[in-house]
Amino acid sequence: MAGAPKSSRIMFLLPLLLLGATASPLPLLNSSVANPDAVVADFHREVARSRRRMQEAGGGCMTGNPIDDCWRCAGTNWWEDRQRLADCGIGFGRNALGGKGGPYYVVTDPSDRDPVNPSPGTLRHAAIQEGPLWITFARDMTIRLNEELLVNSYKTLDGRGASVHVAGGACITLQYVSNVIIHNLHVHDCVPAGNANVRSSPTHAGWRTRSDGDGISLFSAREVWVDHCALWRCADGLVDAIMGTTAVTVSNSYFAHHDEVMLLGHSDGYAPDSGMQVTVAFNHFGLGLVQRMPRCRRGYFHIVNNDYTAWQMYAIGGSASPTINSQGNRYIAPANPNAKEVTKRVDTEEGQWDGWNWRSEGDMMVNGAFFVPSGEGLEAIYDKASSVDPKSAALVDQLTMGAGVLGGPRDNGEAAAYAGLNYAGSATGGGGAGGGGNGYGYLGMVYGSSGDWSCRSCSMLRLTTLVLALICLHPL
């Protein structure tokens, strides 16, 4: 993007390099919080508060899902108060403002004829504008992008009230931006693009190399919230967050028919991703998924109250010592006896990962699924999990019943049948490996009934240098 020459910025920031060499540890990169467990605790308070309100109201509009109850049950019509959505985020991306306080921009034209000089009324023309902007859509439309959609900071892409598909071309990229909300969009069948000039702001267009074909790509982005989207069949990842991205929530979304679903972290050796903090909540990981739900590196990842229909390889993977906090998820393993494990330490020998902090609390394990914990001392984890009310997976149906684009069918119209499945969370008394009363395993996991299951499944950070941060400042 436009700005001062790179050499000038480097000279301006050289004093910071000298300061960093002598000062105490620097603040966490890109809006990371110093105590991520406090954000997790706040998440659970919001869920508990929403459930209390639902019980007091006797149901009605309330669902117990704190995000949806916040904007759907506020006593006003949501279409007359769309920007209330920005007050409803939870988890690490809770502070994403999107276009709050800005004017509305109504997309009327689904075309993308000129990525350098986009026509007014197109999604690209809206997304590149400076300042807060709340973007809506005049009608149902399918938008086939010729090049990546480079979304500028302080934007909300709000698909409520229309059926909006970004599909069949390049898709959505958030690079060096902050405060973006993507809500109620179908994003699918994305393909690589690039080796072309693309506009990223009203004052800057630049050369883009070949993209990977992600559905939603976050590159050095922060304060991002993806909510109530449906994603499937892209050339690379459905959601990828890399290169120092942090303060992200992915919630209430539906994923299907894809291999490498969600990558969180650029590479094992990329130190700035140690500050990455992501909440993955209330999502439905549906039919035809293989792996990476998500695949994590280095940072802190709260994976909570999601519904995993099945997987072909594994559900949650990681490398480079990420913290994975799995709470209240339902993991339904595939029929393959060699793919029952929820977790996978990627390209890492067992002796190297036994200190990684991977914990499970209140998760329901179905059809032989099992989670391999590590770190913190298993006894300490057991004490913690046994001393608090479990973040029960019995709530998953209620919390994820609206996952995906609002009004769209669960599993995109493909029924997933689980013979004998009690969604309220019945469990065997033995509780699976390690035992434990009331159906809870030795880490507070919930093990589903051992009846005849039929599961349908398809095929910061202390910086050692600020040079990396300087690199991240270069224009597109």
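How much accessible surface does the protein have, and what share of it belongs to carbon and sulfur atoms? In this predicted model, the accessible surface comes to about 18300 Å², and 52% of that area belongs to carbon and sulfur atoms. The protein has 476 residues, of which buried residues make up 57%. Its secondary structure consists of 8 helices and 32 strands.

One is formed by 10 strands in the order 1-2-5-8-13-16-20-24-27-30, with parallel pairing. Its edges are taken by strand 1 (104-107) and strand 30, each of which has a single partner strand, so one side of each is left without a neighbour in the sheet. On average, and with direction ignored, neighbouring strands of this sheet are turned by 10 degrees against each other. The other sheet comprises 8 strands in the order 4-7-12-15-19-23-26-29, and the pairing is again parallel. Strand 4 (149-150) and strand 29 (343-345) are the edge strands here, each pairing on one side only. Strand 29 is joined to strand 26 (residues 316-319) in the parallel sense over 3 bridges, and I316 stands opposite T343 of strand 29.

On one side, strand 27 pairs with strand 24 (residues 300-304) in the parallel sense over 5 bridges, and T323 is the bridge partner of Y300. Strand 27 also pairs with strand 30 (residues 358-361), in the parallel sense and over 4 bridges; in this pairing S326 stands opposite S360. Helix 2 (residues 36-57) lies across strand 20 (277-281), strand 24, strand 27 and strand 30, and runs at about 15 degrees to strand 24.

The largest nonpolar core contains 68 residues, among which I172, L174 and F255 touch the most other members. A second, separate core has 17 residues, including F43, A86, A96 and I181. Leaving aside residues up to four places away in sequence, F255 touches a set of residues that includes L231, L238, V239, V250, V261, M262, N283, H284, F285, G286, L287 and L289.

The count of aromatic pairs comes to 10. F255 and F285 form a stacked pair, at 5.0 Å centre to centre and with 10 degrees between the planes. This pair links distant parts of the chain, with F255 in strand 17 (residues 254-256) and F285 in strand 21 (residues 284-285), 30 residues apart. Both F255 and F285 are buried. The rings of F285 and Y308 are likewise stacked, because their centres are 4.6 Å apart and their planes stand at 10 degrees. As F285 lies in strand 21 and Y308 in strand 25 (residues 307-308), this second pair ties together parts that are 23 residues apart in sequence. F285 counts as buried because its relative accessibility is 0%, and Y308 is buried with a relative accessible area of 0%. Ring pairs link F255, F285, Y308, W311 and Y331 into a cluster.

Notes. Residues numbered from 1 in each chain as written. Predicted model: local features only at pLDDT ≥ 70, side-chain atom pairs only at ≥ 80, totals over all residues. Heavy atoms only, no water. Pairing = 2+ DSSP bridges. Helix = DSSP H or I, 4+ residues; strand = E, 2+ residues; numbered from the N terminus. Axes fitted to C-alpha atoms, helices over the stretch in contact; angles between N-to-C directions. Contact = heavy atoms within 4.5 Å. Core = buried A, V, L, I, M, F, W, Y, C linked by side-chain atoms within 4.5 Å. Buried < 20%, exposed > 50% of the residue type's maximum accessible area, 1.4 Å probe, protein only. Areas by Shrake-Rupley, 256 points an atom, 1.4 Å probe, with all protein chains shown as cover. Phe/Tyr/Trp six-rings, centres within 6.5 Å; stacked < 30°, edge-to-face > 60°.
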